[in-house]
Amino acid sequence: MGKITPSQTKIVVPSSISMVSLLGPRDEFLRVAEKEFDAEIHVRGNEITVVAEPDERILVEQLFDELVAVVRSGHGLTSDAVERSIAMLRARESERPADVLTLNILSNRGKTIRPKTLGQKHYVDAIDEHTVVFSVGPAGTGKTYLAMAKAVQALQAKQVNRIILTRPAVEAGERLGFLPGTLSEKIDPYLRPLYDALHDMIDPDSIPRLLTAGTIEVAPLAYMRGRTLNDAFIILDEAQNTSPEQMKMFLTRLGFGSKMVVTGDITQIDLPGGGTYSGLKVVREILTGLDDVHFCSLTSQDVVRHKLVGRIVAAYDAYEGRSDSDTGARPVDVRRRKPGPLRP
């Protein structure tokens, strides 16, 4: 086969688009594109010249089309958004990166919450379209954060009358009975991440009032037993630490006019025995295919924390897969291993 000859194309950016907004301060976004593509990219005025092999050249053209669409919509670009756009284009997904990056869920105090990956957008769309949604994925994929944003959005739109946030109070190496303080003080650390997320989405001064009125309820999973939850947006977080019985109890609390979102990470189970009986593992086998129930799987590609977090998650996935294939046994749970005795 002969060598593919690079070809050249010119992209003319509309005069209504600021080149600084498109290319970034000191051409920061342009540098990202140059790093990610095997192409020569030159800018003069509002013209961008691309020299590359046909496949790469087409991707670069598509990238600038998407970036122009994002800027035109009034959304600011970031280096992270440019990198995620390139990843979506390379994956040849059916949805446009601009559609993902411009979907607003909630705005509060000048901060807008929106999905940052295609997997997150599919998750948000599933919450709109189904009554019960399960989201399973590693840390940092926005499982709980996006669910809470959708809950606050539903409350503000008067689609529900209250938000209920719950987690199982499973000890990570400590017994509740041995912790100091009242029952409320013992449980509070388990619920603190939910309060932290709320402060990002609602005026902090109004949160105590909403909690007192019962418009927002943050409680351990055990407090759900015996209740029927109508006209509510209900989120079960850290669901990997539920037993099958607890999961069934929770799901059967669903009342009229309510939505449920269940989130968890099956690689971080704190149940005794390594999670063989995790309710989150069992429920997929039971409910897959049931009408109006949807399962979303997020991966290391959907991690939106520090870039290194995604690489760490991917490295662990690769290690655990290698351990399984080498030994045929479950990999050692390094989080639960206790140090052995000191040897002379």
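Q: Leaving aside neighbours within four places in sequence, which residues is Thr-9 in contact with?
A: In this predicted model, Thr-9 is found in strand β1, which spans residues 7–12. Beyond its neighbours within four places in sequence, Thr-9 is in contact with Ile-48, Thr-49, Val-50, Arg-57 and Glu-61.

Q: Is Thr-9 buried or exposed?
A: Buried means under 20% relative accessible area. Thr-9 has a relative accessibility of 15%, so Thr-9 counts as buried.

Q: Where around the axis of helix α2 do its buried residues lie?
A: The buried residues of helix α2 (residues 28–36) are Phe-29, Leu-30, Val-32 and Ala-33. Because they cover an arc of only 155° around the axis, they lie on the same side of α2.

Q: Which elements do the buried residues of α2 pack against?
A: The residues in question are Phe-29, Leu-30, Val-32 and Ala-33. They pack against α1 (19–23), β2 (40–44), α3 (54–72) and α4 (79–90).

Q: Which element gives the most to the largest nonpolar core?
A: The largest nonpolar core has 35 residues, and Tyr-123 and Met-201 touch the most other members. Elements that each supply at least two residues of this core include α6 (118–129), α7 (143–156) and α8 (183–201). With eight residues, the element that gives the most is α7.

How values were computed:
Residues are numbered from 1 along each chain as its sequence is written. This is a predicted model: local features need pLDDT of at least 70, side-chain atom pairs count only at pLDDT 80 or more; totals for chains, interfaces and linings use all residues. Side-chain values use heavy atoms; hydrogens and water are left out. Buried means under 20% relative accessible area, exposed over 50%, partly exposed in between (1.4 Å probe, protein chains only). Helices (H or I, at least four residues) and strands (E, at least two) are DSSP runs, numbered from the N terminus. The arc is that of the directions from the helix axis to the C-beta atoms. Contact means heavy atoms within 4.5 Å. A nonpolar core is a set of buried Ala, Val, Leu, Ile, Met, Phe, Trp, Tyr and Cys residues joined through side-chain atoms within 4.5 Å.
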